[in-house]
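Try each one before you read the solution.

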Amino acid sequence: MAKFNPMADCVSKVELTVSCTNLLDKDVGSKSDPLCVLLQRSGKDGWTELGRTEHLQNTSSPSFSQRLRLDYHFETVQNLKLGVYDIDNASKDLGDDDYLGGVEITLGQIVSSKTLTRPLQLKKGKPAGKGSITITAEEIKDNRLIELELEAKNLDKKDTFGKSDPFLEFFKKGDDGKWQLVHRTEVVKNNLSPSWKKFSVPLQTFCGSDLERPIKVDCSDYDNDGSHDLIGSFTTKVSELQKAASSVGFRMVKDHELKNSSSYLRSLVLQGAFDCIHPDKQKKKKNYKNSGVVSVKSCKLSTQHSFLDYVMGGCQINFTVGIDFTGSNGDPRSPNSLHYLSPDGLNQYLSALWSVGQVVQDYDTDKLFPAFGFGARLPPDYQAAHHEFALNFNPSNPYCQGIQGIVEAYRMVLPQLRLSGPTNFSPIINHVASIASGAAQSDSASQYFVLLILTDGEITDLDQTRDAIVRASRLPLSIIIVGVGPADFKAMELLDGDDGVLRSTVGEAVARDIVQFVPFLKFKDAPQATLAKSVLAEVPTQVVSYFKMRGLQPLKAPAKA
């Protein structure tokens, strides 16, 4: 029976706080009356307004109290524009108000800095006097989890041959008064006094973050044909579940001791249990008490940290690129080669690099990216193929300045290489894994690594690569593979464990899913952002899953509003 988990990972919401200093004075005899508007790029040249601050009177250094909220998506570049206007009339149209300057920036740049200050510009290259704008980002989300463990005693027998097969369903009362299913436990077979496994649900999902919101719990007997029989129900709320769990110590008293104990102790014992009531039985039977009792063994609220908590706490996302220069790509001088540069200086390798790199580079403060090639023979002797060489031919300093630097290094070395083989992934994975392993020793959520491999998919060392990935799954590392060209990418899909669990050659399973594979051709004619969105969608979950596995908190807890 599948576990019910609706919207386990909702979109993060970010709140921006804006202040300015030294705004231009456009009013005669007084300071400006500023307002800040937030716009997001939509399409190539369009901008959509997302919100605006309040309008302040007579100040050249405003601190706006009205926060600006927007949805945050790691996997897309969200281009924003903040514009400051001097408001002189009641009209909402800003066209007739004086422009005091603005800034264009990505949301990724803001959240990775948490707070940043930029000079205001009237237009590109034209500063708005000494005016500056400071933007602070904070994630808005109840990131608490409720963790529950329950058991039942003396449930009614519903099956003719054998005991009941009980499971629990939890419902919260919606704003419309209807019950909404929020969680379903596993089925415990053939047991009238079952204990269910501990489970956790986001508090927002479970009770709308309201500890007093009514919760209904149904205990039912599972039937294969779906016609589950209700054993009994009770209504409660999270605050009561917490109280019930706190009296768990009293319930450790043995049943036979109860008979001889005081009524006071007996009431304490029964406080932690809820009567399961079947409405029909209650109507029919005069002396009906219950159809069993459900007890709360534990009920805890804990914090579930998000990707933004880690990034805004100071976690660096370190981006490394590996490019496949094996012979199966074809001679770069031939127009049929995947490495052939078209008259506009592009090919599938560079297009994939641009679209993914543009998103990731906002999260790396020094913008220095190590870039490697594999599968080529190098000058001057062109002897055996190298399976991990610095793209800039400088092994002691393989760093390129930004994505543009990787593109320039690629264009420079391409004519000097001789494409060769075999296609070995494991050396570059092991190289980045060794750096990630060093970072993991610090026992802090300060570093995470993303390796982007661009390949035509004709992998030779599949077994060694599987072993390398299984080892790397215990490190702060994600691997993104973009398949370039029309090859059969079955081996790549095997490495991306979405359809099943990837195992090493000796049968060890990955500790967590760290590989994402995407064929470039699928996105060849789509907007550039679509590929990045598909490729990077899993990275935030992978970052959180690693730090959660290690029990590591964000470096600096995000400031409370």
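**Exercise 1: α8 against α9**

The axes of α8 and α9 come within 10 Å and cross at roughly 165 degrees; axes here are lines fitted to C-alpha atoms over the stretch in contact, with angles from 0 to 180 degrees between N-to-C directions. A note on the source: this is a predicted model, where local features need pLDDT of at least 70, side-chain atom pairs count only at pLDDT 80 or more, and totals for chains, interfaces and linings use all residues. Residues are numbered from 1 along each chain as its sequence is written, and side-chain values use heavy atoms, with hydrogens and water left out.

Task: work out how α8 and α9 are oriented to each other.

*Solution.* Step one: take the angle of roughly 165 degrees. Step two: angles over 145 count as roughly antiparallel, so α8 and α9 are roughly antiparallel to each other.

Step three: find who touches whom, with contact meaning heavy atoms within 4.5 Å. From α8 come Tyr349, Leu350, Leu353, Trp354, Gly357 and Gln358, and from α9 Ile403, Gln404, Ile406, Val407, Tyr410 and Arg411.

**Exercise 2: the buried side of α9**

*Solution.* Start with the list: Gly402, Ile403, Gly405, Ile406, Val407, Ala409, Tyr410 and Val413. Then look at the partners of these buried residues, which are β17 (316–324), α8 (348–360), β18 (368–374) and β21 (399–401).

**Exercise 3: α8 against α13**

Task: at what angle do α8 and α13 pack?

*Solution.* The angle is about 65 degrees, with the axes 9 Å apart.

Key: Buried < 20%, exposed > 50% of the residue type's maximum accessible area, 1.4 Å probe, protein only. Helix = DSSP H or I, 4+ residues; strand = E, 2+ residues; numbered from the N terminus. Parallel < 35°, antiparallel > 145°, perpendicular 65-115°, else oblique.
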